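Subject: Structure handover

Hello,

Here is the structure I promised to pass on. Please open it first, then read the notes below.

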Amino acid sequence: MIRSLRLRLFWVHALLLIAAIAIVTVIESRIERQWMLDRNAISLERVAHQAARFIPDDEASRRGDWARALAARDSATGLRFTLIRRDGHVFADTRADSLLLDDHSNRPEVRAALAGRTGNSVHKSHALGMEMQYVAVPAHGHVPYAVVRVAEPLEMVRRLDATLEQRALLTATLTVLGMFVVLFFLTGRQMARVSELEAIAGRIGSGDPLARALELPDDELGRLGAALNRMSSELRDRLAALEMERDEREHILGHMNDGVALLDGQGRILHCNDSLAGLLGADRPAKPGTPFAAFVRAPELDELVRRARSVGGVRVLDLRLWTPRPRFVRASVTPLGAAKHDAVLLVLHDLTEIEAVNRVRQDFVANVSHELRTPLTSLRGYAETLLDGGLEDEQHRVQFVEIIREQAVRLEALVNDLLSLAELERPDAPVRDAIFDLRVAAARQVAAFSESARRAGLALTLEPGESVPVRTESARLEQVLANLLDNAIKYTEEGSVTVRLGTTGSRGWCEVSDTGPGIPAEEQPRIFERFYRVDKARSREKGGTGLGLSIVKHIVGLHGGEMSVRSELGQGSTFRFELPTG
Ligand code: ADP
């Protein structure tokens, strides 16, 4: 099979051309042959009439002379003359013995001549055994002779015909060859345009934005070029829209907190986002085509996907993933079609933080209940003792009431601290900060605590220095200082409590140092947790709520500052906070 359109076009046209020229040549040679026979018939008729005119009608011997004369002429011209009588018998024939010739009245040309017309026919001569053209004319006035027939061997006509045919064939061959050259050139030109369009279509297919087809001349190929150009620009627009859509989707999926993966019917990952990789402890998302089981290594998830496929419907499961960091996730698998080989969508929702918050809340409630129970039990116990006759016990009743008041104060302190924490932890906690001198606040708090320090036998001093402007809310800043001073005085048996202030770069800082028992290194990170106490009994005895430092840390953090502690067992402690100056 010819695979080149150009060759196919060429050969189709060439064959059509050959067929057309062959038909024309054959028809033409037929017409020519007939034309030659017709012309020949006219000259034979003329000869026959001349011969008829000289037939002597008297003596038989003179007719014999006429026949001999014609025979002599026959040998010169190649013509055969026959004189036929009315009854069809041949009287004389210049080529054959008339006596041997049969009745000629049935020959078509003789029949016509006997009927008074000129007869003309081509057939094979019985006597001579060759094809001949015959023309017979009536011989009027020469009774009993009726017909003069002149015949010529077709051989001559054939020879002429063959020569003409040869020439016609040569002309046809030259014409075909000439047309071949023209055809080859024309098909070549059209095919060059087709090849160019093919190349442009290939470039459009491979996404070349600069590919443009020729639109001229405005024929079918030109219009095909214009259609290709339109298709190309439409393709570009659609590709751009698709790319934008894909980028948006990738963007959304990439920035989602939930892990999302699309799995095909064979359990291979078609797409997965960064969050899913992160939740599963992988460095980067799985490449498309990665088997899900190999990427995830969590049999429960595998099983969940299998169940969603076999049973259908959305399957949800809360599970713990032991990726480097333990995670608690809610996995939901949604089949995206009814058939088993359809894709499924897996979404992992990270519940770790929510679970942690819930645990913190539960711990907090348990801690608060525990903290409340001790003073409440004590209150109830002493109140009942008083009611059960304690009021009459003059020796102890004042002491009981003092204990009741002490527990009430403790409860009040606890509730106040809880309220402070609740206020600070509100997501919309207002921060009304302004530039404020830390030294002024420190001086005020040192003055406020000087009495309790004196009672505890401690020297409370504020080291002198420059003013330290910080951006903060004055009331909260004083609460920080108060809590730190309260702790320092509360936990220091003897020695001193010193407050130092200063500015380093864009931060103002304050340190509250004491000569107390110090805090073991391993406990230091935890003392800012709510209700965490190093020495529980001592803290309670001193009326501590376990919330002071967590309030301090919260306030400092809320104002963009940092809180730290330096301490060594038996060497005292230094609590330091820093706040931005402006
Ligand atoms: P509390 O109300 O018990 O003082 P805080 O949150 O203020 O609660 O402090 C937490 C714990 O840190 C205290 O129970 C105490 O054990 C320890 N602590 C705080 N300040 C000091 C200090 N200056 N010296 C020694 N220990 C301290």
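Is the crossing of helix 11 and helix 12 left-handed or right-handed? It is right-handed. (A crossing is left-handed if the near helix is turned anticlockwise from the far one by less than a right angle, and right-handed if clockwise.)

Some ground rules. This is a predicted model, where local features need pLDDT of at least 70 and side-chain atom pairs count only at pLDDT 80 or more, while totals for chains, interfaces and linings use all residues. Residues are numbered from 1 along each chain as its sequence is written, and side-chain values use heavy atoms, with hydrogens and water left out.

**Domains**

The protein chain is assigned domain 1 (5-160), domain 2 (256-350), domain 3 (355-424) and domain 4 (434-580). These bounds come from an automatic or database domain assignment. The centres of domain 1 and domain 3, taken over C-alpha atoms, are 154 Å apart.

**Helix pairs**

Helices here are DSSP runs (H or I, at least four residues), numbered from the N terminus. Helix 11 covers residues 438-456. Its axis lies 9 Å from that of helix 12, at an angle of about 30 degrees. (Axes are lines fitted to C-alpha atoms, for helices over the stretch in contact; angles run from 0 to 180 degrees between N-to-C directions.) The two are therefore roughly parallel. (Angles under 35 degrees count as roughly parallel, over 145 as roughly antiparallel, 65 to 115 as roughly perpendicular and the rest as oblique.) Among the residues that meet are Leu438, Phe449 and Ala456 in helix 11, and Leu477, Leu481 and Ile489 in helix 12. Contact means heavy atoms within 4.5 Å.

Now helix 9 (residues 352-387) and helix 10 (residues 397-425). Their axes come within 9 Å and cross at roughly 160 degrees. That makes them roughly antiparallel, therefore. This crossing is left-handed. The contact includes Phe364, Leu372 and Tyr382 of helix 9, and Phe400, Ile404 and Leu411 of helix 10.

**Cores**

The largest nonpolar core has 44 residues. (Such a core is a set of buried Ala, Val, Leu, Ile, Met, Phe, Trp, Tyr and Cys residues joined through side-chain atoms within 4.5 Å.) Leu477, Leu484, Phe575 and Phe577 have the most contacts inside this core. Helix 12 (residues 474-491) supplies the largest share, 8 residues. Domain 3 and domain 4 each give at least three residues. A second, separate core of 25 residues includes Leu276, Ala286, Leu321 and Leu348.

Back to Phe577. Leaving aside neighbours within four places in sequence, Phe577 contacts residues including Leu438, Leu477, Leu484, Trp509 and Met563.

Buried means under 20% relative accessible area, exposed over 50%, partly exposed in between (1.4 Å probe, protein chains only).

- Asn483 sits in helix 12. Asn483 is buried, at 17% relative accessible area. Beyond residues up to four places away in sequence, Asn483 touches Gly548, Ile551 and Val552.
- Lys287 is in the loop between helix 6 (274-279) and helix 7 (292-296). Lys287 is exposed, at 66%. Its C-alpha is 7.5 Å from that of Ile269, 18 residues apart along the chain.
- Arg540 belongs to helix 13 (residues 536-541). Arg540 is partly exposed, at 24%. Arg540 touches His370, Glu371, Arg410 and Arg533, not counting residues up to four places away in sequence. Arg540 and Glu371 are 169 residues apart in sequence, yet 9.7 Å apart C-alpha to C-alpha.

Best wishes
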